[in-house]
Amino acid sequence: MAAPREAPERGLFGRRFLTDPARLFQHNAWDNVEWSEEQEASARNKVQENSSQLLPQDKQEDYEVNAKRYWDDFYKIHENGFFKDRHWLFTEFPELAPNRNPSQNGDCVPEFSNKEESDYEGLGSCEIECCSLETRAENQLNLIKNTPKICTEELATQKYDELNHSDGDYPGSSASYRILEVGCGAGNTVFPILQTNNDPGLFVYCCDFSTTAVDLVQNNAEFDSSRCFAFVHDLCNDQSPFPMPDESLDIVILIFVLSAILPEKMQGIVNRLSRLLKPGGMILLRDYGRYDLAQLRFKKGQCLSDNFYVRGDGTRVYFFTQDELDDLFTTAGLEKIQNLVDRRLQVNRGKQMTMYRVWIQCKYRKPAAPQL
């Protein structure tokens with residue numbers, strides 16, 4: 001999308017703009033905005049400043065040990081009213097609905113807003129982060145219906161150990177196209193997929209660290225156990241089981257999820273997820289980029305390590321470079337299809353502010369099996 005003729009004046013990094021608001025309110029956002037050397041330098045300086053004071057090690061350990069509690073508390077407070085449904089997914093990741101007609105509801109969103117995220121992915125997150133103390137075969141259907149409403153990790157371990165994956169006896173085993181969303185939250189990715197992708201062979205798995213989040217998904221009126229399986233999963237625990245066998249998934253989705261993980265654990269997680277992919281399967285990622293507005297608005301004392309911060313509510317966030325993500329995925333044996341920076345200029349009409357967002361979008365594919 002081309003930038004407008006007249007860009008907002010002096011609206012660096014969330015500052016109030018000085019130009020006529022009426023001119024700016026004609027648009028909500030601009031894609032692919034080029035940064036000046038001044039902006040880059042200002043961003044670097046701001047990050048150096050807000051990372052100059054690290055949290056004490058004992059507090060850092062608390063945020064790691066109690067990470068699940070912090071996310072449970074988040075979803076208990078906000079339930080399913082915090083994030084917007086991500087209908088922009090099908091423009092950015094058509095792999096999620098390969099047979100979709102472009103005229104379907106996802107493209108009916110007003111111009112300039114089809115990719116905007118809210119709250120933790122948009123400006124709302126910055127205010128919270130920094131400014132406040134923050135299916136199908138009958139046997140498969142029976143398997144899913146008999147699953148406890150909340151599939152805790154303890155129950156999941158026992159249940160999955162009883163399944164004989166070699167016999168194909170697992171949720172979604174009869175499906176021809178399988179998608180897993182990791183970090184599903186309240187379902188703002190899962191439900192748009194189920195609404196938009198009408199492939200009778202589709203099965204969607206979704207998991208989250210938070211039991212409260214999985215409960216919200218399973219109790220949503222649109223949850224369909226014949227097409228979807230929601231379960232609690234700790235990505236950081238390599239002994240925590242998945243309900244599907246290795247090399248069974250077509251797509252793994254990571255939307256603003258990897259950034260919430262302790263950086264030292266990211267490679268092991270990507271390695272595990274890559275093993276779930278079929279040859280030719282893909283990981284789709286969208287996450288925070290270095291010098292995003294959310295990073296720049298952190299205060300001193302909220303930094304855990306380089307480019308890794310804790311919000312006021314105890315949840316954590318990392319800000320990536322393209323090279324860091326490329327290294328994670330290629331080390332896991334995946335090949336790059338896409339790795340791009342999405343620099344966006346957004347206007348908050350109510351606050352009369354311009355905001356520079358930086359997100360990274362990636363697609364990495366598991367190499368196809370060699371021909372014999």
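Which residues are exposed on the other side of H2? Glu 37 and Gln 48 are. This is a predicted model, in which local features need pLDDT of at least 70 and side-chain atom pairs count only at pLDDT 80 or more, while totals for chains, interfaces and linings use all residues. Residues are numbered from 1 along each chain as its sequence is written, and side-chain values use heavy atoms, with hydrogens and water left out.

**View 1. Helix H2 has a buried side and an exposed side**. H2 spans residues 37–50. Its 14 residues reach 20 Å from first C-alpha to last, close to the 20 Å expected at 1.5 Å a residue; that expectation is 1.5 Å times one less than the number of residues. Helices (H or I, at least four residues) and strands (E, at least two) are DSSP runs, numbered from the N terminus. Gln 39, Ala 43, Val 47 and Asn 50 are buried. They cover an arc of only 75° around the axis, so they sit on the same side of H2. The arc is taken from the directions from the helix axis to the C-beta atoms. Buried means under 20% relative accessible area, exposed over 50%, and partly exposed in between (1.4 Å probe, protein chains only). The cover over the buried residues includes helix H12 (293–296) and strands S7 (303–305), S8 (308–310) and S11 (353–365).

**View 2. Leu 249 is buried in strand S5**. S5 covers residues 249–255. The relative accessible area of Leu 249 is 0%. Beyond its neighbours within four places in sequence, Leu 249 has contacts (heavy atoms within 4.5 Å) that include Arg 178, Tyr 205, Met 244 and Leu 276.

**View 3. Phe 203 and Tyr 205 form an edge-to-face pair**. Rings of Phe, Tyr and Trp (its six-membered ring) pair if their centres lie within 6.5 Å; planes under 30 degrees apart are stacked, over 60 edge-to-face, and the rest tilted. The count comes to twelve aromatic pairs. For Phe 203 and Tyr 205, the centres are 5.0 Å apart and the planes at 65°. Phe 203 is buried at 0% relative accessibility. Tyr 205 is also buried, at 0%.

**View 4. Phe 329 and Tyr 364 are stacked**. The rings are 4.7 Å centre to centre, with 25° between the planes. Phe 329 lies in helix H13 (residues 322–331) and Tyr 364 in strand S11, so the pair ties together parts 35 residues apart in sequence.
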